[in-house]
Amino acid sequence: ALAQEAVKIGLILPMTGPFASTGKQIDAAVKLFLAREGATHGGRKLEVILKDDAGNADATRRLAQELVVNEKVSVLAGFGLTPLAMATAQIATQAKVPEIVMAAATASITEASPYIVRTSFTLPQASEPMANWAAKNGIKKVFTVVTDYGPGIDAETSFANTFKEAGGTVESVRIPLRNPDFAPFLQRVSEAKPDALFVFVPSGVGAQFMKQFIERGLDKAGVKLIGTGDVVDDDILEGMGDVALGAITTHHYSAAHDSPANKAFVEAFQKANPGMRPNFMAVGGYDGMKLIAKALDATKGDASGDKLIAAMKGASWESVRGPVKIDPDTRDIIQNIYVRKTQKLGSELHNVEFETIKDVKDPVKARK
Ligand code: DHB
């Protein structure tokens, strides 16, 4: 009887509100996974139950509780922002239900519960390579501008520590998460005349930031734009126009990643979702499903939480981003980080990878 029962996955995403682009990307990627790689794994059919938390942590917690108690889900997945992933950690621990973090990227998230496994990235993982690249490429004075919450603080701290160690100087400002106005902060950057501005803003916010960067004349003042890839998010890059040209960023995924597997992925995604380009959130969602499927294969369909977590630790596969592995010690994802330049490929704006740092672990936990 067990074999016939579906394995329920509670997928909680911001499908409405200011971070709906994250929800839409991940939902589309989860559907694409089921269409391309099948809905039956380890002999069990996967049934995804999608819930919208609108980016509100109280809603995430309530929905997670309902999914566990009423729907008896075997896995919780999604988590578009750090506070949403954190709000669910205790429920995952108490119910012994794996929490697959497909988006949120503050380093400490995986330490909040032994049932959390992450398929996105961590901000330190992406920020340290940016600091190293900047130091090696003649940049000496940097102003960091980050959104004032977990991932932004991680980005700022990692970038600043690494860049100072390499001999650079750093000044920093933080911008509110809700209703951000970048103008006053960019005014301060403009007066400081740094060689580069390092930026982290969450997915979906980059276009607004970029517009104000140009309006303040920072590009004309010779301030180079660097950052993690979140600011030149593939979801909104085309809409930004030429203002993004020349930005140097470090990240784990670009829709322009040059491999046959990625080309096929992007093509299938765009066919199923006309007018949309997959971004790093989509890849976190797709690989989250891949991880659940692989774990069920390994347990031969046993969906008990402890068995699934054990199977997920050390799992590795070829993602469309490149080779990945779940670190058995931290439950974070080990992956390549690419240095990219925003440029035109034909008539389209893309983040073109030109350097690869292989098999990067979350550096904060690696040092512990
Ligand atoms: C987080 C959200 C994002 O949209 C992003 O690009 C990176 C991190 C977060 O809240 O953890």
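A cavity is a set of points, on a 1 Å grid over the protein atoms alone, where a 1.4 Å probe fits but cannot get out. About 120 Å³ of space lies in the largest cavity of this structure, a volume being the space filled by probe spheres set on the points, which are joined across faces, edges and corners. The model is predicted: local features need pLDDT of at least 70, side-chain atom pairs count only at pLDDT 80 or more, and totals for chains, interfaces and linings use all residues. Residues are numbered from 1 along each chain as its sequence is written, and side-chain values use heavy atoms, with hydrogens and water left out.

**Domains**
- The protein is assigned domain 1 (2–121 + 258–331) and domain 2 (123–251 + 337–366), with bounds from an automatic or database domain assignment.
- The centres of the two domains, taken over C-alpha atoms, are 27 Å apart.
- Domain 1 puts 26 residues into the contact and domain 2 puts 29, where contact means heavy atoms within 4.5 Å.

**Cavity**
- The whole structure holds 1 cavity of 30 Å³ or more.
- Its lining (residues with an atom within 4 Å of a point) has 18 residues, and Gly80, Ala103, Tyr149, Phe200 and Met281 are the closest to the centre.
- By class, 13 lining residues of the largest cavity are nonpolar, 4 polar and 1 charged; Ala, Val, Leu, Ile, Met, Phe, Trp, Tyr, Cys and Pro count as nonpolar, Asp, Glu, Lys and Arg as charged, and the others, Gly among them, as polar.
- Domain 1 and domain 2 each give at least three residues to this lining.

**Pocket**
- The largest pocket (an open set with protein on both sides within 12 Å along at least five of seven lines) has a volume of about 370 Å³.
- Among its 21 lining residues, Ala255, Ala256, Arg277, Glu348 and His350 are the closest to the centre.
- The lining of the largest pocket comprises 7 nonpolar, 6 polar and 8 charged residues.
- Helix H8 (237–240), helix H9 (260–272) and strand E15 (348–360) supply at least two lining residues each; the largest share, 5 residues, is from E15.
- Domain 1 and domain 2 each contribute at least three residues to the lining of the largest pocket.

**Sheet and helices**
- Helices (H or I, at least four residues) and strands (E, at least two) are DSSP runs, numbered from the N terminus.
- An open, mixed sheet has 6 strands in the order E2-E3-E1-E4-E5-E6, and two strands pair if DSSP finds at least two bridges between them.
- Strand E2 (40–41) and strand E6 (116–118) are the edge strands, each pairing on one side only.
- Strand E1 (residues 7–13) pairs with strand E3 (residues 44–52) in the parallel sense over 7 bridges.
- Helix H1 (residues 20–37) packs on the sheet against E1, E2 and E3, its direction making about 155° with that of E1; axes are lines fitted to C-alpha atoms, for helices over the stretch in contact, and angles run from 0 to 180 degrees between N-to-C directions.
- Helix H2 (residues 57–69) also packs on the sheet, touching E1, E3 and strand E4 (75–78), with a direction at about 170° to that of E1.
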